[in-house]
Amino acid sequence: MSTPRNDPLIPVPPLWIPLIPIAFLLASMGITILVFGKDPHIPLALTAIVTALVARLNGAPWSALEKGMLHGIAVGTKAIIILMVIGMLIAVWMIAGVVPYLISLGLELLNPKVFLPATCVICTVISLSTGSSWTTASTVGVALMGVGNGLAMPPAMVAGAIVSGAYFGDKMSPLSDSTNLAPAVTGVELFDHIRHMAYTTAPAFLLSLILYSIIGYSASQSDVSTMEVQEMQTVLSSQFHLSPLLLLPPVVVIVMSIMRLSALPALAAAVGAGAIIAIALQKADIADLVNVMHYGYESSTGETSIDELLSGGGLDKMMWTVSLILCALSLGGIMEGSRMLESVAAAILKGVHSTGALVTATVGTCFATNIVAPDQYLSIIVPGRMYSEAYQRRKLHPKNLSRTVEDAGTLSSPLVPWNTCGATMMSVLLVNPFAYLPYAFFNLLTPLFAVLWAYLNIGQAPVETDAKATPPSAKKTNTDGCL
C-alpha cells in the first residue's frame, strides 16, 4: 500500500485547526452514544463534513480533500472484501457445526479448581472461533458470570477474565474485523500481522493466566455451579453432529496461513470446506447454505443463550461494520489530505527520539483516541495513519505499527465505559469497566510489553530484513492490495 504524497501547496495547519474537528467528534460522539444511545456512524459522517469545511476555510482545495477521502477509503477496500467473506464464513461455520464444536471443546476446559484461568481460556477459544468479542461476552460470558456467582467469585475478577479472553480473539482471530483493519490501514499482509503480534501477545497472555491462577486458586468451588455450562454442552451435542472432522475448516486456515498465502484464498477455502461439511455431516442443503451465507445463521434450539451464541454471520450482517469503516476512513482521509494529521503527529513527535519513544507515543495515542473518540475502529485507523511515515523514517517495518495499534487500540477499547466496546461489556456483564479494569490483565499487559520490547529492541522488525518487504515504487502498482 502506498500513501499519497502531501500536497506541498497545502501548508501544515497550526495545531488548533485539527483540534476543532477533534472537539466536534468528541462532542457529537458523546451526545449520540451516551445520551441518545445510537450508533457512531452519523457523528463520524458529520465530523468528516466539519473537517472538510475547516480545511477549506484554512485554504485546502477541495480536490486535495476529495483525493484524501478516496485514498482513505481505498486503504480499506481489501479489508472490506475480506469482511464480506468473513460474514459468509461465520454463517457457514455455524450451520456446519464448526463453531458449536469449538465451543464445546472450550467448555471442556472448565475446571472449578482453576475457574478464572479456565474462564479466560474458554472465552479465548470461542472468540478465536467467532472473531467477535461482543458475541463471546454476551453469550458464554453471561453464563460464566453466573457460574462465578455460584463460586462466590468477585464479579469484577470474573468480568476481567472474560474480557481478556474475549479480546484475545478480537485481536488475533483472522475472522475479526479489527484484526483485518489494522494491517489494511498500515499496509501489511494479514497473516504477517497476526504472526508478528505473537511477540507481545504470547507473553502477555501467559502472564495473565498465571495471575488468574494465583488470585483465583483459593476461591470457593462448587460442582453444582457448572450446571449451566453442562446444559449448554448437552444442547450443542443434541443439535449438531459433533465430530473431530469439524476441525478441518480451521485447520485449512491455519495451514494456508503457515504457507503464507493471502487471506482471501485462505478464507474462501475455509468457506468451501465448511460448506462441504455442512452438507455431509449436518445434512444441510444448498438452499440453506445460500440463505445463511447471505442473511446469517439463525439458531432455533429453544435455549436463549445458545440461540444468541450461534446466531450470526452472513454477508448482510457485515454491512453495519462496512459502513462504519467507510465513514471512519473518509474522515481519516480528509484529515490526512488536509495535513491535519501531520500537524497533530508533528506536535507529538517533537519529543520522540527513539523506537521506544515512538511506540510509546503510538500506544498513548491509541488510548487517547479510545477516550476522546470512543470507537475501537478510530483507535486503529487514526494512529495507523498518523505514525506511518514516522515508522518509515526509523526504517521499521509497517507490521510493527499494525501490531502496536492492535496492542493498544483494540485492547484498550473495552476499558473505557463510554467507548462503544466498554459500554457493550458493561451492559452484558453488568460490571463497570473501571471495576474490572484492574483484572483485565491481558488488555493491560499487552501494551506494556509493546513498550518494553520497543525499548529493549525485541521483535522490532526492520524493513531491510523482511523478505516480503516491497519498495514503495513497487507497492504503487501492486494490485493484490495491502492485506
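These questions and answers explain some terms as they apply to this predicted model.

The model is predicted, so local features need pLDDT of at least 70, side-chain atom pairs count only at pLDDT 80 or more, and totals for chains, interfaces and linings use all residues. Residues are numbered from 1 along each chain as its sequence is written, and side-chain values use heavy atoms, leaving out hydrogens and water.

Q: Why is Cys123 called buried?
A: Buried means under 20% relative accessible area, exposed over 50%, and partly exposed in between (1.4 Å probe, protein chains only). Cys123 has a relative accessible area of 0%, so Cys123 is buried.

Q: Why does Cys421 count as buried?
A: The relative accessibility of Cys421 is 3%, and therefore Cys421 counts as buried.

Q: Why is Leu26 called partly exposed?
A: Leu26 has a relative accessible area of 40%, so Leu26 is partly exposed. Leu26 is found in helix 1; helices (H or I, at least four residues) are DSSP runs, numbered from the N terminus.

Q: How do you know that Cys123 is in no disulfide?
A: A disulfide is a pair of cysteine sulfur atoms within 2.5 Å. The structure holds zero disulfides. For Cys123, the nearest cysteine sulfur is that of Cys120, 7.4 Å away, so Cys123 is in no disulfide.

Q: What is the mean pLDDT of the protein chain?
A: pLDDT is the predictor's confidence in each residue, from 0 to 100. The chain has a mean of 83, and 88% of its residues reach 70 or more. Over residues 466-483, however, the pLDDT is below 50.

Terms used
Helices (H or I, at least four residues) and strands (E, at least two) are DSSP runs, numbered from the N terminus. Contact means heavy atoms within 4.5 Å.
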